[in-house]
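Reader: Hi, can you walk me through this one? I'm new to reading structures.
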Amino acid sequence: MPHRFRNLIGPSIRAWRMNRGITQDELAARLQLSGLDHLDRVAVAKIESQIRSVYDFEVIVLANALKVTVAELMAVGPKEMEKALPDLVRGKRG
């Protein structure tokens with residue numbers, strides 16, 4: 001059974017996190033220190049795996065925790081967006 005496809009920025013979050021040499025636990029700790037107490041390592045893993053939705057306010061805190069802009073975090077090419085949009089709207093993945 002395919003899992004629900006709930007965000008487009010998960011791979012970007014993972015890439016920026018890994019580029020910074022930060023573990024999922026370390027990112028979760030940064031998020032919690034920033035006030036997102038509900039985001040633990042499991043939540044970070046689900047976001048990165050695109051099986052958890054990300055609220056707009058969480059995107060801002062994620063960007064700050066990764067020391068990138070929201071635009072950098074959400075940078076998605078037009079072809080990738082065009083391909084992913086129908087699945088995002090339906091909440092399904094491929």
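**A first walk through the model**

Author: Let's start with Gln50. Gln50 is buried, with a relative accessible area of 6%. Keep in mind that this is a predicted model.

Reader: Where is Gln50 found?

Author: In the loop between helix 3 and helix 4.

Reader: What is its phi?

Author: Gln50 has a positive phi of about 65 degrees, although it is not a glycine. Most residues other than glycine have a negative phi.

Reader: Which residue has a positive phi after helix 4?

Author: Lys67 follows helix 4, and its phi is positive, near 60 degrees. Lys67 is not a glycine either. Lys67 lies in the loop between helix 4 and helix 5.

Reader: Is Lys67 buried or exposed?

Author: Exposed. Its relative accessible area is 64%.

Reader: Back up a bit. How many helices and strands are there?

Author: Six helices and zero strands. Along the sequence the pattern reads α-α-α-α-α-α. The radius of gyration is 13 Å, close to the 12 Å that the globule rule gives for 94 residues, so the chain is as compact as a globular protein of that length.

Reader: What box do the C-alpha atoms fill?

Author: Roughly 35 × 25 × 20 Å, along the principal axes.

Reader: And what share of the residues is buried?

Author: 37% of the 94 residues. The accessible surface comes to about 5,900 Å². Carbon and sulfur atoms account for 57% of that surface.

Reader: What about contacts along the chain?

Author: Take contacts between residues at least 6 apart in sequence. Of these, 63% join residues at least 24 apart.

Reader: Next, Glu48. Where is its place?

Author: In helix 3. Glu48 is buried, because its relative accessible area is 1% and the cut-off for buried is under 20%.

Reader: Which side chain does Glu48 join in a polar contact?

Author: Arg17, at 2.5 Å.

Reader: Ok, Arg52. Is it buried or exposed?

Author: Buried, with a relative accessible area of 17%. Arg52 is found in the loop between helix 3 (41–48) and helix 4 (56–66).

Reader: Which side chain makes a polar contact with Arg52?

Author: The side chain of Glu58, at 2.9 Å. Leaving out residues up to four places away in sequence, Arg52 touches several others, including Arg6, Asn7, His38 and Leu39.

Reader: Which residues of helix 4 are buried?

Author: Glu58 is one of them.

Reader: New topic. Where does Ser34 lie?

Author: In the loop between helix 2 (24–33) and helix 3. Ser34 counts as partly exposed, at 47% relative accessibility. A polar atom of the Ser34 side chain lies 3.0 Å from the backbone oxygen of Arg30.

Reader: How many Å separate the C-alpha atoms of Ser34 and Val89?

Author: 30 Å. Ser34 and Val89 are 55 residues apart along the chain.

Reader: Last one. How many positive and negative charges are there?

Author: 15 positive and 11 negative. The mean positions of the positive and negative charges are 6 Å apart.

Key:
Residues numbered from 1 in each chain as written. Predicted model: local features only at pLDDT ≥ 70, side-chain atom pairs only at ≥ 80, totals over all residues. Heavy atoms only, no water. Helix = DSSP H or I, 4+ residues; strand = E, 2+ residues; numbered from the N terminus. Buried < 20%, exposed > 50% of the residue type's maximum accessible area, 1.4 Å probe, protein only. Polar contact = N/O pair within 3.5 Å; in protein donor to acceptor, adjacent residues only side chain to side chain. Contact = heavy atoms within 4.5 Å. Rg over C-alpha atoms; globule rule 2.2 N^0.38 Å. Areas by Shrake-Rupley, 256 points an atom, 1.4 Å probe, with all protein chains shown as cover. Lys, Arg positive; Asp, Glu negative; His and termini not counted. Charge placed at Lys NZ, Arg CZ, Asp CG, Glu CD.
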